[in-house]
Amino acid sequence: MFWQVQGNMQISPIDEILESGSFSLETLLLEENVIQEVKSMNDDLINFLSQPDVVMHMVSYVIDPLAMSSLLLEASRHRREIERQEARELQRSAEAAEMEEEEVATEAEAA
């Protein structure tokens, strides 16, 4: 819902999670755009977050410092994994570009 590109709706990561049917509150809370999605009144997200058991779970994060610590630790792990994936993708892109340059140079030498 939050993501919109020149009038065309693009599915948000939050909507993908909600549509998967298999997720936890923590999965949603770890998404960096969850606040924007709430502000933009994502109906599916609001419906999920307003369920009594989910509200109680969120309240437990407020009143139980250990629960919040574990969520923050998980968020840190999640971010590190995303950074590792991005680094691997950048490395693959650089390797592909290098191979392409070598192919162009080889073709230029052959011609």
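The following legends describe close-up views of a predicted model.

Local features are given only where pLDDT is at least 70 and side-chain atom pairs only at pLDDT 80 or more, whereas totals for chains, interfaces and linings use all residues. Residues are numbered from 1 along each chain as its sequence is written, and side-chain values use heavy atoms, with hydrogens and water left out.

**View A. The buried side of helix α1.** Helix α1 comprises residues 13–20; helices are DSSP runs of H or I with at least four residues, numbered from the N terminus. Ile14, Asp15, Ile17 and Leu18 of this helix are buried (under 20% relative accessible area, with exposed meaning over 50% and partly exposed in between; 1.4 Å probe, protein chains only). They lie on the same side of α1 because they cover an arc of only 160 degrees around the axis, taken from the directions from the helix axis to the C-beta atoms. Their cover includes α2 (25–29), α3 (34–39) and α4 (43–49). Glu19, also located in α1, is exposed, with a relative accessible area of 59%. Just after the helix, Gly21 adopts a positive phi of about 80 degrees.

**View B. The largest nonpolar core.** Such a core is a set of buried Ala, Val, Leu, Ile, Met, Phe, Trp, Tyr and Cys residues joined through side-chain atoms within 4.5 Å. The largest one holds 15 residues, of which Ile14, Leu18, Leu25, Leu28, Leu45, Phe48 and Leu49 touch the most other members. Two or more residues each come from α1, α2, α4, α5 and α6 (65–110). Leaving aside residues up to four places away in sequence, Leu25 is in contact with Phe48, Leu49, Val54, His57, Met58 and Tyr61 (heavy atoms within 4.5 Å).

**View C. The loop between α3 and α4.** Met41 is located in this loop. Although not a glycine, Met41 has a positive phi of about 60 degrees.

View D. Glu81 pairs with Arg84 at 3.2 Å, N to O, and with Arg88 at 3.3 Å, N to O, linking Glu81, Arg84 and Arg88 in a network. Glu81 and Arg84 both belong to α6 and are 3 residues apart, about one turn of the helix. Relative accessible area is 32% for Glu81, 43% for Arg84 and 36% for Arg88.

Conventions. A salt bridge is a side-chain nitrogen of Lys or Arg within 4 Å of a carboxyl oxygen of Asp or Glu.
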